[in-house]
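Dear colleague,

I am passing on the structure we spoke about, with my notes below it. Please look through the coordinates before reading on.

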Amino acid sequence: MTDSAKDTRDWIVAETLAGNPDAATLVFEGGKRRGFTKLARRSYANHPTVTEKIHEVIREVTQDCAPRSRTARLPSGDEFAVQGVPIQSGSGEVFGVQLWVGRPDEAIPPRRTVGTFCWNARTDTTIHGSRIEEDILGMKNPPASQERVIPQIFQFFEAFDKQPQYLEFVADLLEERLEDASRFGGEIDLRGDDHKLRRVFMTVRNASEAGGPVIRGLVHDISDIDAPQPTSDRQVVRETAALMSNSDRGVGLVDLRSGIITEWLVPPGEDLEAWTTEVPQIHPGDQRKYEETRLSFRSNGVRVAELILHVRFAHTGWIPVDVTITAVGRDGVSQGLIQVSKATAQALMDNGLSMW
């Protein structure tokens, strides 16, 4: 059996991120990326009867949240087994289906490692499904809560060459510029808690839920298909930020369009330490000031800006925060370095009284 033939008998990964099993598409077929391809265009056993059984299995797996199987009998007398297993979200929804299609007497290989996440644009928090934290992020005993903020996830990133495009996708969602079920895909190299380097492929679509707009995603470990390449770029940035920080100021990376802090290079100090695991509420009276400051980097060529923001966490009152944002890069600035600390009395006086 050739390598390509072996690959075609590996598990297929189909996404159902739009919530409609009839709109499922093929994202991986063995070792081949298929990028939201119609299931009828798969490489192996590409017969209408088999395709019909695949769609039946996907519908049943999605409805029942349980494995299902069917047998496809062709007019020629040939038979193919079709098996499907759900890829479930943290809330139990089916975000995808792993499928195996082959001869009934063939050995079935182990399933692919595919996890899920769902990011809520309103709360700026992520819910992980099974397999993400233990099998992909290498956590031995992850916290009971599966809700995470973005810096808790991006701290594992070693390389993400499409990060600017993904943050544009996120910003478009926040600004209501995306149609439902718009899609995005990209490779990420992760350094897990177990220090193991993995390459994953992230497949996402946006959707509208009762709690607000969301991004649903599959995270597929493809290290055996496309080995990750060790790089020290992000680690150098993190270590440099830590060395340069000679105060209790937190230092992070902020997306200037959305305002989302993607990573804390140096965690905020006392009074603001909850920022590493929570998304604080920014006082409504400061929201416009924060937005206009970020816009000034992109439209007016501003390089450094200072302001006072009032934020609060789940168990605190309003805290005045001294914020400095510095542009990162020159052309088409999209990212900034943000420094935060609790504002001193002098800083508050220098900025004048806040009138909300």
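Seven strands form an open sheet in the order 9-8-7-13-12-11-10, and their pairing is antiparallel. The edges are taken by strand 9 (147-149) and strand 10 (157-159); each has a single partner strand, so one side of each is left without a neighbour in the sheet. From one strand to the next the twist averages 35 degrees. Bear in mind that this is a predicted model.

Within the sheet, strand 7 (residues 114-120) and strand 13 (residues 212-221) run antiparallel and are joined by seven bridges. Opposite Val 114 stands His 220 of strand 13.

Helix 5 (residues 163-174) lies across strand 7, strand 11 (183-191), strand 12 (197-209) and strand 13, and makes an angle of about 155 degrees with strand 13.

The largest nonpolar core has 26 residues, of which Trp 119, Tyr 166, Leu 190, Met 202, Val 204 and Ile 215 touch the most other members. At least two residues each come from strand 7, helix 3 (132-136), helix 4 (150-154), helix 5, strand 11, strand 12 and strand 13. Helix 5 gives the most, with four residues.

As for Met 202, leaving aside residues up to four places away in sequence, its contacts are Phe 117, Phe 160, Tyr 166, Phe 184, Gly 185, Gly 186, Ile 188 and Leu 218.

Another core, of 22 residues, lies apart from the largest one; Ile 261, Tyr 290, Ala 305 and Phe 313 are among its members.

Regards

Technical notes. Residues numbered from 1 in each chain as written. Predicted model: local features only at pLDDT ≥ 70, side-chain atom pairs only at ≥ 80, totals over all residues. Heavy atoms only, no water. Pairing = 2+ DSSP bridges. Axes fitted to C-alpha atoms, helices over the stretch in contact; angles between N-to-C directions. Contact = heavy atoms within 4.5 Å. Core = buried A, V, L, I, M, F, W, Y, C linked by side-chain atoms within 4.5 Å. Buried < 20%, exposed > 50% of the residue type's maximum accessible area, 1.4 Å probe, protein only.
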